[in-house]
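Here is a short tour of one protein structure. Take a look at the sequence and the model first.

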Amino acid sequence: MATFLYRVGRLAFRRRWYVALVWAAVLAAVGLGALKAPGASDDGFSMPGIEAQKAFDLMEQRFPGATADGATARVVFVAPSGEKVTATENKRAVEKAVADLAHGPQVASAVDPFQAKAISKDGSTAYASVTYKVAANDLTDAGKTRLERAIDTARDSGLTVEAGGSAMDDGGGPGGVAEVIGVAIAAVVLLITFGSLAAAGLPLLTALIGVGVSMATILTLSQALGLSTTTGTLAMMLGLAVGIDYALFVVSRYREERAKGRAPQEAAGLAVGTAGSAVVFAGLTVVIALAGLAVVGIPMLTKMGLAAAGAVVVAVLIALTLVPAFLGFWPNAVLRRRARRTGRIEDEGTRNNGGSRWARFVLRRPLPVLLLGVVGLGALAVPMTALQLGMPGDEAKSTSTTERRAYDALAEAFGPGFNGPLTVVVDAKGAADANGAADANGAADPKGTVDPKRAAETVAQQIGRTEGVISVSPPRFNEAGDTAVFQVVPSTSPTDEKTKDLVTTIRGERPGVESETGATFEVTGTTALNIDISDKVQAALIPYLVVVVGLAIVLLLVVFRSLLVPLKAALGFLLSVLASLGVVVLVFQQGHGAGLLGVEQTGPIMSLMPIFLVGIVFGLAMDYEVFLVSRMREAYVHGERPGEAITSGFRHSARVVVAAALIMIAVFAGFVGESDSMIKMIGFGLACAVLFDAFVVRMAIVPAVLALLGDRAWWLPKWLDRLLPNVDVEGEALSRRQEADQEAGQEVGQEADREAGQEAGQEAGQGTDPQADPEAGPRPAGTPGREVART
């Protein structure tokens, strides 16, 4: 591996113009494709295999006129204080607004609240339900403008008008501010680390090129693959972070090799062969973790993971090819100013620095450092025991948004459960078909045929008597009359644990109700869907961990050729993930410090958050493990004692790893400023996880454990050593090659010195060649002839 990448680095350095032109052509091609590609038409959030999704699919099949995933808007009208919405002027304003909405583009229906009796008991609030023919992502600007104009007109009449629902979603996605903040902080960190504008700018430039290629590719394929804007946000987040980090490691190793006196091209080859090998395996762990998201079985999550994995692959390829090519254009620009001015390059890896001093501190006190790190992270992980999963909705948005104000107005007027009604789908067709088939065989009485209307009414009555249910709407039948749909309003909010218990109770009573009516029913709706998602994600978390951690341990086993180092890496990762989840619970669920992050409403943690955190952070944690420990193993393989190898690894890598971690934290923390609650939560969780993993696990717990283990840390059974392939991440083959070249050079120099000395002696003593002058006598034994000297 190292030898192959060494050749790649030298080739990219030597053929830099070709490499740069190839990447420019790739960027131009995908950029043109992104400009010409149609907008993303997201196929909606689907979760195969859960009851709520099956009910949605059944509704789409039996009610073809109204798709279950069509955009909806709920417009809330609140009368001025002391007035009622049923007053003449207020009623006229509401009816005019509903009429305007009904004639809007892409609108399937707009229900008048006075006809639907959608008015609160005190008469102060009414709401109109607007259904669209297309999904939220397919709404045109004209449709959204018509909705906003109707709302503004009603407000002009003196009413307080707010709107919620999927039609109000602006699509989220990156707003640009987060990326700018992250890049700015990364630039400062790189400038401090390298002391050179060129060295700081090169990783930023190559990372931005990689992000440009990745995002343009995602936009080009978004229509064909149904990729959402959230998919692009995750790919941008990770592509930017790892792109800077991977280029940072290659540039840092290049400067180190230049300090050893290597020529620029040779230094680039060695940098790609050594640091590039670590980049390949670090990137591979990230790709494994992201691609492993497919294990969960959520199509949207699978797409996000694969898109982000593609961005990481692009970052790796750029670090291996474009970075050495740029080093070829400016071989000395990335060096420190003093080195460029004086021509003398100081080898920073041969003198003491903060990394080596910290390593010695840990080596003197390994047990206290280990206990302090484990206990500290364990304490932060304690709140995770109270973790509640859910899917935050409009209640998690800022009060400055109309969606949040509409949510609050409906909860105040109609009760907290009104914002999350349950949808019950009664299917009498399957039971009737079964009875009909039985009748044809003479095994059942025709009188046993199911009456769909009676069955639906019975199901509605039974559910209406369940504790925790406020109201049940009248059943609505399809054209065939064999399927009915009605809504159930709980007494608690959508994210309340009591609502989850209610859904479980209703489903638990199903066998008795079905035996009585002969019809089947399923519970769906946004609230039930979120509950089912949470349950499925929790069930998939353990298999996902087993697959991802298992594959990564095997990979690290090959890289480090040790049994204990991969196990230590996995256990340290679990500590950092649990601690970061605990902090997320503290802020987003329990509300401690929530105001500082702009979190105005606490509640359950997003159902996908644990999976995201495990998948993404595992890959990033293994980055630091590979970069830091590979330098320790490199020193150990070259003959240093275990303690010395730890100090050497920290001397060479600690500063770069710290810089890389700070860049990661800056990029992820920048996304905390996003308005989308999911992106905000992911950004905060990832920033905390990188902080804990890099500075507590990798910089403290890892050296402490290695110090306590000593030589045992690098033990591997001989039979397993023979089975594992030798990938040579440490560049041992390159070191042997360099040593061989140096020895060959020394031998050539010694031969040249002997030849020059002999010729000088001959000219001074005899002036003639003994072989050419017969009178000179025989040549003394051991005296080289001209031919020998010449060779």
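## Where two helices meet

Which residues in α7 meet which residues in α10? Keep in mind that this is a predicted model. On the α7 side they are L202, L205, T206, I209, G210, V213, S214, I218 and L225. Their partners in α10 are K303, A307, A311, V314, I318, L322, V323, F326 and L327. By class, the contact has 14 nonpolar, three polar and one charged residues.

Helix α7 covers residues 197-225. Its axis and that of α10 come within 9 Å. The two axes cross at roughly 145°. The crossing of α7 past α10 is right-handed.

## Helix α10

Helix α10 runs over residues 299-329, 31 residues in total. From first C-alpha to last, α10 reaches 44 Å. That is close to the 45 Å expected at 1.5 Å a residue.

Still, α10 has a kink of about 40°. The kink is centred on A319. Most of α10 is covered, with 23 of its 31 residues buried.

## I244 in helix α8

Next comes a residue in another helix. I244 sits in α8, which spans residues 229-259. Is I244 buried or exposed? I244 counts as buried because its relative accessibility is 0%.

What does I244 touch, leaving out residues up to four places away in sequence? The contacts are A186, L190, P203, L204, A207 and I663. Take A207: 37 residues separate A207 and I244 in sequence. In space, their C-alpha atoms are 5.2 Å apart.

Methods:
Residues are numbered from 1 along each chain as its sequence is written. This is a predicted model: local features need pLDDT of at least 70, side-chain atom pairs count only at pLDDT 80 or more; totals for chains, interfaces and linings use all residues. Side-chain values use heavy atoms; hydrogens and water are left out. Helices (H or I, at least four residues) and strands (E, at least two) are DSSP runs, numbered from the N terminus. The expected span of a helix is 1.5 Å times one less than its number of residues. The bend at a residue is the angle between axes fitted to the seven residues ending there and the seven starting there. Buried means under 20% relative accessible area, exposed over 50%, partly exposed in between (1.4 Å probe, protein chains only). Axes are lines fitted to C-alpha atoms, for helices over the stretch in contact, and angles run from 0 to 180 degrees between N-to-C directions. A crossing is left-handed if the near helix is turned anticlockwise from the far one by less than a right angle, and right-handed if clockwise. Contact means heavy atoms within 4.5 Å. Ala, Val, Leu, Ile, Met, Phe, Trp, Tyr, Cys and Pro count as nonpolar, Asp, Glu, Lys and Arg as charged, and the others, Gly among them, as polar.
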